[in-house]
Amino acid sequence: MNQIIIATKNKGKANEFKAFFSKYEIEAVSLLDLNKELPDVEETGSTFEENAALKAEQIATLLNTPVLADDSGLIIDALHGRPGLFSARYAGEPKNDQANIDKVLQELKDIPLEKRSARFICVLAIAIPGEDTVFRTGFCEGQITTVPKGRNGFGYDPIFIPENFDVTMAELTPKVKNEISHRKNAISQLEKWIHNL
Ligand SMILES: O=c1nc[nH]c2c1ncn2[C@H]1C[C@H](O)[C@@H](COP(=O)(O)OP(=O)(O)OP(=O)(O)O)O1
Ligand SMILES: [Mg+2]
């Protein structure tokens, strides 16, 4: 079976990539699966593209093989786009999903439901040694709830209601999330590239 390395240490993301790529009979191998000590890539970029490229290119160089990376986040209109690029560590170090959710809900406490519009963004970077890095972007529109609900998914899923649904992303099955998510919308643009793997 063909393989693709995914430069992530996030288990939730890794599982979603495994599901997407299994449809193409490709095994998505995350950094959590490799029995290799790899350095943590510092996400020092000022855009999602820069951070996705840092992750993909550094790991591709170290392993000398094609690598896909995902830099993603939650953009909330009432917070002028925050947490945005800083989604993973919004409530500080070490990164903690529950603390991030609590901080967002606290900041939105006086904002009515109709003004809680938000979107997830996913920027994928594919680094192939000796070639230019390729980028694809996907979005998922929605709204931030007042009370966290659901146990599926990861990150901000318990407080994000996707457009055209009345439950949170964490209440959806992984199958349904993977049909509508920002990550799916980015990956769908890569089909041609995936077929050449
Ligand atoms: O589908 C999602 N459902 C809920 N939350 C999500 C999602 N997608 C991104 N997010 C949020 C949470 C994560 O903390 C941050 C990404 O930060 P980001 O640096 O790209 O990922 P990360 O540090 O968790 O793993 P890694 O860099 O090893 O891939 O945005
Ligand atoms: Mg990260």
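Strand β3 (residues 67-76) contributes the most to the shell around ligand 1, with five residues. Here a residue belongs to the surroundings of a molecule if its C-beta atom, placed from the backbone, lies within 6 Å of it. Strands (E, at least two residues) and helices (H or I, at least four) are DSSP runs, numbered from the N terminus.

The model is predicted: local features need pLDDT of at least 70 and side-chain atom pairs count only at pLDDT 80 or more, whereas totals for chains, interfaces and linings use all residues. Residues are numbered from 1 along each chain as its sequence is written, and chains are lettered from A and ligands numbered from 1 in the order in which they are written.

**Ligand shell**

Of the 20 residues around ligand 1, T8, N10, S87, A88 and G155 come nearest. By residue class, the shell comprises five nonpolar, eight polar and seven charged residues. Asp, Glu, Lys and Arg count as charged, Ala, Val, Leu, Ile, Met, Phe, Trp, Tyr, Cys and Pro as nonpolar, and the others, Gly among them, as polar.

**Strands β1 and β2**

Strand β1 (residues 2-6) and strand β2 (residues 26-30) run parallel and are joined by five bridges; pairing requires at least two bridges found by DSSP. Within this pair, I6 stands opposite S30 of β2. Together with helix α1 (residues 11-22), β1 and β2 form a right-handed β-α-β unit, meaning that, with the strands pointing away from the viewer, the path from the first strand over the helix to the second runs clockwise.

**Annotated positions**

The unreviewed UniProt entry carries the annotation "binding site" at E42 and D71. These positions span 30 residues in sequence, yet no two of their C-alpha atoms are more than 12.2 Å apart, so they gather at one spot. The unreviewed entry also places the feature "active site" at D71. Such annotations may be inferred rather than shown by experiment.

Not counting residues up to four places away in sequence, D71 touches F48, N51, A52, K55 and V123, contact being C-beta atoms within 7 Å.

Note on methods
Two residues are in contact if their C-beta atoms, placed from the backbone, lie within 7 Å.
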